[in-house]
Amino acid sequence: AGFAHTGRTMVKGAWAGEHPRDRISGNALSPEFTVDPKTGELAPTPGQIVANVTCQGCTTLCSVRVRVDAETNTVLRAVGNPYSPLSTDPFLPYETPVRDSLTSLSRFEEKGLKGRSTACGRGNAVLQMITSPMRITSPLKRVGPRGSGEWQKISLEQLVAEIAEGGDLFGEGPVEGLRALRDLETPIDPAAPEFGPKANQVGLIAPVNDGRDAFVRRFFNLAYGTINYVGHGSYCGGAYRSGSGAVFGDFKKMPHAKPDMQNAEFVLFIGTAPSNAGNPFKRQAALAGKYRTDGELNYVVVDPVLTNADNRATPGRTNWVPIRPGTDGALVMGMMGWMFDNGRIDTNYLAQPNGKVAEAAGEAGWCNATHLVIVEKGHPREGRMLRASDMGFVALEEKDRYGDGDAFVVIDASGAPAAHDVAGGAAALFHDGVVQTSVGPVAVKTSLALLREAAKARSIEDYSAICGVPVEVIAGLAEEFTSHGKKAAANTHGGMMAGNGFYNAFSVVTLNTLVGNLNWKGGTIFGNGRFPDSGEGPRYNLASFEGAVKPSGLPVSRPIPYEKSSEFKARKAAGKAYPASQPWYPNAPQLTTEYMTSALGEGYPYRLKALFFWNSNPVYGIPGMGLASVEKLKDPKVLPLVVSIDPFINETSAFADYIVPDTVMYESWGWTSAWGGVPTKLTSARWPVVDPRNDKTPDGEPVQMETFLIRLAKTLGLPGFGAGAIPDVDGNLHPLEKPEDWYLRGGANIAWLGKKPLPDASDDDIALSGIERILPRLKATLKEEEWRKVAFVLARGGRFENQSGGFVEDKAGHTFDKGLLVYNEALATSRNAMTGKRWTGTATFTPPAFADGTEMRSVHKAEDWPFELVSSKSVLISSLTILATRLRHLHPSNPVGLNVEDAARLGISTGDHIRLTTPGGAAEGVAIVRHGVMPGVIAVEHGFGHKELGARAHTIDGERQPEIAGIGAGVNLNDLGIADPTRKGVSVWLDPVAGSAVRQGLPARVEKLASA
Amino acid sequence: MDRSRRNFLGLGAAAVGTATLQPATVEAREARHGGDAAHRWAMVVDLRKCVGCQACTMACIMENRVPEDSFRTIVSTYEVAENGKSATYMLPRLCNHCENPPCTPVCPTGATYQRQDGIVVVDNSVCVGCGYCVQACPYDARFINHETLTADKCNFCVHRVDAGLLPACVETCVGGARIFGDLNDPESTVSKLVASEDVKVLKPGEGTDPRVFYIGLEAEFQGRVDGTPTLWRPSRAKAEPSLV
């Protein structure tokens, strides 16, 4: 090869290759603008647009600024939006003119160093997905059986007509269309009226909310009327969120706080690592780098796998503690035991029984540590909180007893029982005894006494033996964690996705309760959420409309108590109430994990007849789901209609009947916010900075999710879409015919929030922000007094509360004011539907188990499966970003990590080909031998091992798509997920409480196939 | 085609031997040199702040349209085990824009040279792709661009610096580890850091006098690193082990 090259050079001399644009800069882009370094004067570059929009490279959804070449309709680069805390620290005051925001990024007065606004590695490269050759730009209909990879392009009209009306669509027999399925009256099963009407047999599996969720919910929930709309949480970080929900007292919305990394002195990350993963990924990474160097921040990461978070160049500031998968709760309960033994809990915080006395005591919040729980064996209210009405403190009507107005009971400073909300000061922390109620004595304990019992259920030595962390490290972490007052915090995330993840997460979050750090600068902060676009806003009502349906009935994932079901009543009448046929999840939100197994495979609780996947890929993303669901997905008799709304053909949409092309990244509209970890309120904007590459309708509208749903709604005659669908604040009606009818009116709502509306965008703002491109649409859609205010928002990439609102002196500017739960009554009194046993009401350690409580290791024994697989995260590749070729070139595969000692024993060296086997499957990969992996653990990085997205070529109208081997490189841990052997029919292993997918701690063995 | 640097050792000599270009005159070179001698551009990389996200790597590629599978800058990432403790070491690498660059004197055509502001550039209209400079660079910072077949490397985004902007890698550095500025200006951030911090350079023994300084650089990483690169592996790494 070298010789041939030499020959070419000899003939051509210099420039034997392609001629670059510039003799020095080669093919580098023209700068987006120039700034005079002496005066700061800005000169835009003609033909380039600089616009603030939102990245979709991961679920953080950072606000970024992109450069667009207007002539070629191409996004050139992405960097950070200097107005946004997700990309910048400190970020610009919101009122800053766009011109000054651009100058702030330049060399002028070195402003660009101080005000640096960034995109991460992934964020820099993912714009390649817009021009990916794998993209679908026309509606597709399958040819041949599901999964055959053969498609034909069809028109939007045909797509909508076939999905609406059904018929013999594939020559396989009749398929019910959405018109026939929209029956809001007839019950699915007259014997189980709680299932709700037949319309519930249409479901949608959504991705992370990319800023368009409210629009899609409007169609499926409010217009069509189905209850079955579910997000991706159960296979993302669901276990953490549910565990946090236990502390914050809400299992449906699952509130969560994040460490204030800017002001914390010590943060304990368990099962998550800043700058490796977590959310907000980039902000946490930036704060970690900055404050571990220039500030007071020290942190420890507890995880089976070492990541970039432990940076050797900051000795002492960062540390890594390896741990066995699924044993985080043992470490944490061991820490708690030490804290109780050594008096290292914040008694001033814990002893305050209500918010008022907590404030008087100098606290920023309160909890139920002192509230009494009935522990009398056999008492009808055993496990419930003792209430004021039990004590005769209040006389309530029977229906109001034990409701919100029935106070809890504490032992006050005088040693007497008192209602928690009238107690004038600190209450007893560890009461364990009998109180005289109006109907006699009853045994009670405080919530904190119950937590202490749970912590002391095992010795620190036992906990150490379980988690593999030395006793002195457990004690040392406890001591460090409790040595910084309120300026210490614990946090977790994806590492909780184990077979006991719920209680592990509940334990981690309870650590924060024990030091009372919520709402404190340097502790955990709640953030301030978003400026809502789609509610009943100050300009337009986007929350409801004439004829809106209130969806009713039982979601297929059963997020309610089994005891409320007809099945329970029937079984109880037959004498055996437990077990239920399948698990129920009263302490969880809706779960994609169950949509794809029991509902699809077993028809439990009922069958779905049409399932939509919107930019979601559960077959790839849920451990064991391929094995559990693909055969069912393929069978039109099991699931008659499958529609994917997605710009790519992924491992799930490959089995669709129809694919509706969606827009990609910067082509679309959307209003997003921070997931957490930002102390100030924000809403980020996304608007089309380039024209979508999709097909156009005859009237020039791109075919995308919104166009499809609007047309489908109008065809079906659904309310809420078309003419007169959106009421304004004066009751006048406006159309919903185009995407901007929705998103721009949402923008008007955002602009009018607060005491007075935002200012108008200046002509200069408009000229320098690329807004000019969509100005005709702003003017055509919005009222005269609205469009410049919405332009003000769009020009800045959203609306951002100023940085000063984040904290007021040493407390968070926006606080969570309800009491935190040390003991969660709802959890403690709900039952496992498979056993009838109640759950533990406090944090506790419980080994990884299947649905009926059978420990995983009693089924898949260590002698057969000596290793445990864990999923780790890449900073570059995720399930979808493998499509960006530049990321693949830098990080082409995911070698499988194992510990040096294990590798030596097995004779495995770095580069060797190995086989991983679990009870659910096998995969081959390449080994990388590391010190940074816990012994006994095999680490598989997420995002690789694709079977679709271009790893297999599909044929569209007889034309083969490209097939790219690199997209299929490496191993997908989820192909190795396991079923739950204690359940009937197809299943995947889920946390029994949270219903979250298990990907941490899968039993496995490893063998060497060939040397490198 | 195998583009390993070893490969270029042979073909480079052949190519130069047959090149018909005349070496540029001294005057012509001066005229081409450009840059304002009032400045001396430099970078400080604060390793304590590097989070290993590779934003710099990707931004450089996107900004400079670096050919596929090639890198002008990259964050080498190592796993280091010492005294039973494992940690990660992240080392951003790029052209050092040396005060005494060993790459320029070996160029037979004068294609690569140092501007008056210190930035070492390659004039691709003069480069014949002989690869001498690739060989001469002790930092493995250069490669032959497989599209243009000319020498390629980091030039501090000279087109952006001349426009009053920051290099792409600096602008997007998530941890704030990359700091760029003017060493001739004592008030600049880089000048202050070089004066106040314990800054080190790569391969100080080479006498190249780099103008990329590191804070937190350990001695064992100043030269070629024998450790196992762990957390990522560029697809060209097999062909060019020097990259990692």
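Two residues are in contact when heavy atoms lie within 4.5 Å. By this criterion, among the contacts in chain B that join residues at least 6 apart in sequence, 62% link residues at least 24 apart. The model is predicted. Chain B has 244 residues, of which 63% are buried, and its secondary structure consists of seven helices and 10 strands.

For chain A, the domain assignment gives four entries. Domain 1 spans 2-131 and domain 4 spans 851-1010. Domain 2 is made up of 140-236 + 533-666, and domain 3 of 248-328 + 471-525.

The interface of domain 2 and domain 4 of chain A was examined next. The C-alpha centres of domain 2 of chain A and domain 4 of chain A are 28 Å apart. On the side of domain 2 of chain A, 39 residues take part in contacts, and they meet 39 residues of domain 4 of chain A. The size of an interface is often expressed as the accessible area lost when the parts come together. Between domain 2 of chain A and domain 4 of chain A, about 3,000 Å² is buried, and carbon and sulfur atoms give 55% of this area.

Polar interactions also cross this interface. The rule finds 24 residue pairs in polar contact between domain 2 of chain A and domain 4 of chain A, with both residues at pLDDT 80 or more. One salt bridge is counted between domain 2 of chain A and domain 4 of chain A. A salt bridge joins the side chains of Glu594(A) and Arg983(A), with an N to O distance of 2.9 Å. On the side of domain 2 of chain A that touches domain 4 of chain A, two or more residues each come from β7 (150-153), α19 (592-595), α20 (598-602), α21 (618-621) and α22 (625-633) of chain A. By class, this side of domain 2 of chain A holds 17 nonpolar, 15 polar and seven charged residues.

A further site involves both chains. Glu32(A) is located in the loop between α1 (2-12) and β1 (33-35) of chain A. Glu32(A) has a relative accessible area of 3% and is therefore buried, the cut-off being under 20%. Within chain A, the side chain of Glu32(A) forms a polar contact of 3.2 Å with the side chain of Arg67(A). In chain B, the side chain of Arg160(B) is in polar contact with the side chain of Glu32(A) at 2.8 Å. Leaving aside residues up to four places away in sequence, Glu32(A) touches Pro44(A), Thr45(A), Gln48(A), Val50(A), Arg65(A) and Arg67(A), together with Arg160(B), Leu165(B) and Glu171(B).

Notes:
Residues are numbered from 1 along each chain as its sequence is written. Chains are lettered from A and ligands numbered from 1 in the order in which they are written. This is a predicted model: local features need pLDDT of at least 70, side-chain atom pairs count only at pLDDT 80 or more; totals for chains, interfaces and linings use all residues. Side-chain values use heavy atoms; hydrogens and water are left out. Domain bounds come from an automatic or database domain assignment. Buried area is the accessible area (1.4 Å probe) that two parts lose on being put together, summed over both. A salt bridge is a side-chain nitrogen of Lys or Arg within 4 Å of a carboxyl oxygen of Asp or Glu. A polar contact is a pair of N or O atoms within 3.5 Å; within protein, one must be able to donate a hydrogen and the other to accept it, and residues adjacent in sequence count only if both atoms are side-chain atoms. Helices (H or I, at least four residues) and strands (E, at least two) are DSSP runs, numbered from the N terminus. Ala, Val, Leu, Ile, Met, Phe, Trp, Tyr, Cys and Pro count as nonpolar, Asp, Glu, Lys and Arg as charged, and the others, Gly among them, as polar. Buried means under 20% relative accessible area, exposed over 50%, partly exposed in between (1.4 Å probe, protein chains only).
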